[in-house]
Structures are given as C-alpha cells and as structure tokens.
Amino acid sequence: MNPDAPVRRILHCDMDCFYAAVHMRDDPSLRGRPVVIGGSPAGRGVVAAASYEARAFGIRSATPAARAVRLCPQAVFLKPEFPRYRLESRQVFEIFRHFTDIVQPVSIDEAYLDVSSRLDRWGSATAVAQAIKQRVRDERGLTVSVGVAPNRLLAKIASDRDKPDGLTVVPPSRVHAFLDPLAVRDLPGVGPATERRLERMGVETVGELRAVPLDRLERGFGRHGATLYRYARGQDDRPVRVHRERKSLSAERTYSQDLTALTEMDEELGRLSERVGRGLAKHGLGARTLTLKVRYEDFTTLTRSRTLVAPTADAGEIASVMRLLLRHSEAGRRAVRLLGVGGSNLVRGGIAQLALFAPD
Ligand SMILES: [Mg+2]
C-alpha cells in the first residue's frame, strides 16, 4: 500500500435478507416466520432468499426448493417478485446517494460508499453509517448491515460480521487485530479448495496466513498467492467506482471429454443458461443479445449471436435460443470441447420475466 495515500473511509452496506425482508415488511403476518423466496417447491427451482428464521433450519440461497421443504415443511414459500425488489433497491440506493456521490452498486442489495470527503459534515464515517442505518429503517422499514473501514476489502468483511442490523467499524489502527482471529474462508476469494490447501499448510486463521512468506504463497497459489498475502494484511487499493455498468455476462465450460451428442450439449446449454440468467437477475439486468460459443475438438471456435426484441434474464428463454443457434453450427457432426453462453447489450430493469429457476 502506498504509505502516502490518504486514508479512505469506506462503507460496505449490505441489506439484510433483502428479498425476504421486503415481503415481511409489507405483510406483518410473515414476521417471525420462516420465509423462503424461490422456485416452486414442487419443481426443480432453487431458493433465492431465506429469512433468518428459515436459515435456522439450514436453508440458504441456492438450496434446492424441494430440499428446503424437507428441512422446514412449515416455511412460507413465496415466488420472487423482482420488479418489486428492483424498485425497493432504487429507493435504498437513493438514500445512500444522499450521503455521498461515490456509490458503487455491487448487486441489487449491496454497495460500497466512499465517505472520505463527508467527514467534515458528519464528524466520522461511523456517524455516517449510523445515519444511513437510521434513514433506511425510518424511510424503508428495512435493516442494513454496514462495515466501516479504510478500504473495500475490510469494509466488506466487516459488514458480514454482525448481521442482521450490524455495524462493525475497523479503524486503521485495528486492522490486524480485526483480521487475525478470522478464518481464512472469511477472506473474499478463498473458496473450499484454497481453504483445504491452506489447511494442509497448517494455516486456518488470517493471522496464521499473515505469517506465511510471500514466495511460499506464490509457489502454492500462483498469482492468487500475492492477493492472499495482501488480503492477510488487510491491504486493498481498489477505489470505489461510481460507474460500474456491466457490458456483458457469460458462462462457459471446457469438457474433459469432448461432447459428441446434441442431447448432451443441450443439457449443458441449459446449465450454462441458468448461470447467466441468475447472474443477470442478481444485477437487475436483462440481455438483448445472446451469444453461443462453440469450440470444436481441433480448437477452432465459432460464435453465433441473436438479438431479441425484448431483453431477457430468463434461463429457459436463453437456453432455447442457445439450442437453436447450436443447430446452426457443426456440433453433433464435430466433437465439441467447450460451450459458452453469453448475454450482452444489457439493459437495467424493464424485464418481463426474471426466472432464476428451471421451469416447473
Ligand atoms: Mg444482502
């Protein structure tokens, strides 16, 4: 980190159980009950959000809906209403923007705020965070957990420490004290695979990770090693960016064994389309142009695109366009080693159907 860089005051604001909270606010009969937002329990859908009461039963987002019913038969199952969540999101973000111009949305219910230039007015970043929480509660009837820290990395970790309705402050002088007792998996980008490999090195906490020399991390984790080294020290120079509109969203997969049957490829396209649809929905976006990518066994690569009349985030619709485009390739006659599904020409809101879920 550049020692001469001015100290930033960054907030990470993360709405608590956003989808479920919106329903529970508007329907008092739901309060205090396990509420699950997602696909029909009878179908193959997944959970998009679960209230804290439902989480107590082990239900998380991406839990198959059918499994959620088994875990908690008395839960209230509701269909997601994305237009409603987007509207709410807009109102909440407007509150954020009242406190600073530098707001970077991360998803429909999460944003980074740089409040460094607002301290004269508010006294401290903590005071800004308290005022934001108060306004979101008073004006929207919702709770937001906030992390306050000198950078995005630490603010993000902090907002997650005390949910729901949390406020966790990491002063610059307390960075190591805050990080050291955390588990390595609490660092962004540390998934189960990295966690297992660190564990084999005898590293379970961030404090232990901080004791590992840089060259050893680079040997073990390649480029990711340097990131681990910085993150263990709480270092992160990324600024809060105001404009971070996505241009495209895609998912692709390389197969260890080439695909030869069209039915198999259709199935894969269904899976990839679901990932793209879910990503679009998460960001409140729809794609007007859909692109199929096919790489044949000899590594030649073909892309085919189609532009739709109306933007979509519907996995079923994306998949059917992909299957159609696949029929305009040589797939089936030639073996395929990679398939990709992409959405571009993205627009915010105004989407007729937003299905996170396989059709029932
Ligand atoms: Mg959230």
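Gly38 has Val47 as its bridge partner in β3. Gly38 itself lies in strand β2. Strands (E, at least two residues) and helices (H or I, at least four) are DSSP runs, numbered from the N terminus. The model is predicted: local features need pLDDT of at least 70, side-chain atom pairs count only at pLDDT 80 or more, and totals for chains, interfaces and linings use all residues. Residues are numbered from 1 along each chain as its sequence is written.

**Around Gly38**

Is Gly38 buried or exposed? Gly38 is buried, with 26 other C-beta atoms within 10 Å. A residue is buried if 20 or more other C-beta atoms lie within 10 Å of its own, exposed if 12 or fewer, and partly exposed in between, with C-beta atoms placed from the backbone. Leaving aside neighbours within four places in sequence, Gly38 is in contact with Gly45, Val46, Val47, Ala48, Ala65 and Pro80. Contact requires C-beta atoms, placed from the backbone, within 7 Å. Gly38 and Thr63 are 25 residues apart in sequence, and their C-alpha atoms are 9.4 Å apart in space.

**The two sheets**

Strand β2 (residues 35-38) runs antiparallel to β3, joined by three bridges. Two strands pair if DSSP finds at least two bridges between them. The sheet is open, with three strands in the order β3-β2-β4 and mixed pairing. β3 (47-50) and β4 (76-78) each have a single partner strand, so one side of each is left without a neighbour in the sheet. Neighbouring strands are turned by 25° against each other on average, direction ignored.

Another open sheet has four strands in the order β9-β12-β10-β11, with antiparallel pairing. Its edges are β9 (248-259) and β11 (301-312); each has a single partner strand, so one side of each lacks a neighbour in the sheet. The twist averages 15° from one strand to the next. β10 (residues 285-296) and β11 pair over eight bridges in the antiparallel sense. In β11, Thr307 is the bridge partner of Thr289.

**Helices on the sheets**

Angles run from 0 to 180 degrees between N-to-C directions; axes are lines fitted to C-alpha atoms, for helices over the stretch in contact.

| Helix | Strands touched | Angle |
|---|---|---|
| α13 (residues 262-282) | β9, β10, β12 (336-348) | about 155° to β9 |

Phe18, Tyr19 and His23 are among them. The buried residues of α1 pack against β1 (10-15), β2, β3, β4 and α4.

**Helix pair and core**

Helix α4 (residues 82-99) packs with helix α6 (residues 125-140) at about 145°, with axes 10 Å apart. In this contact, α4 residues including Ile95 and Phe99 meet α6 residues including Ile132 and Arg135. The contact divides into seven nonpolar, one polar and three charged residues. Ala, Val, Leu, Ile, Met, Phe, Trp, Tyr, Cys and Pro count as nonpolar, Asp, Glu, Lys and Arg as charged, and the others, Gly among them, as polar.

The largest nonpolar core has 93 residues, and those with the most contacts inside it are Leu11, Val36, Leu113 and Met322. Helix α14 (residues 315-326) gives the most to this core, with seven residues. Such a core is a set of buried Ala, Val, Leu, Ile, Met, Phe, Trp, Tyr and Cys residues joined through C-beta atoms within 7 Å. Not counting residues up to four places away in sequence, Met322 touches Leu269, Ser273, Leu290, Leu292 and Val341.

Methods
Two residues are in contact if their C-beta atoms, placed from the backbone, lie within 7 Å.
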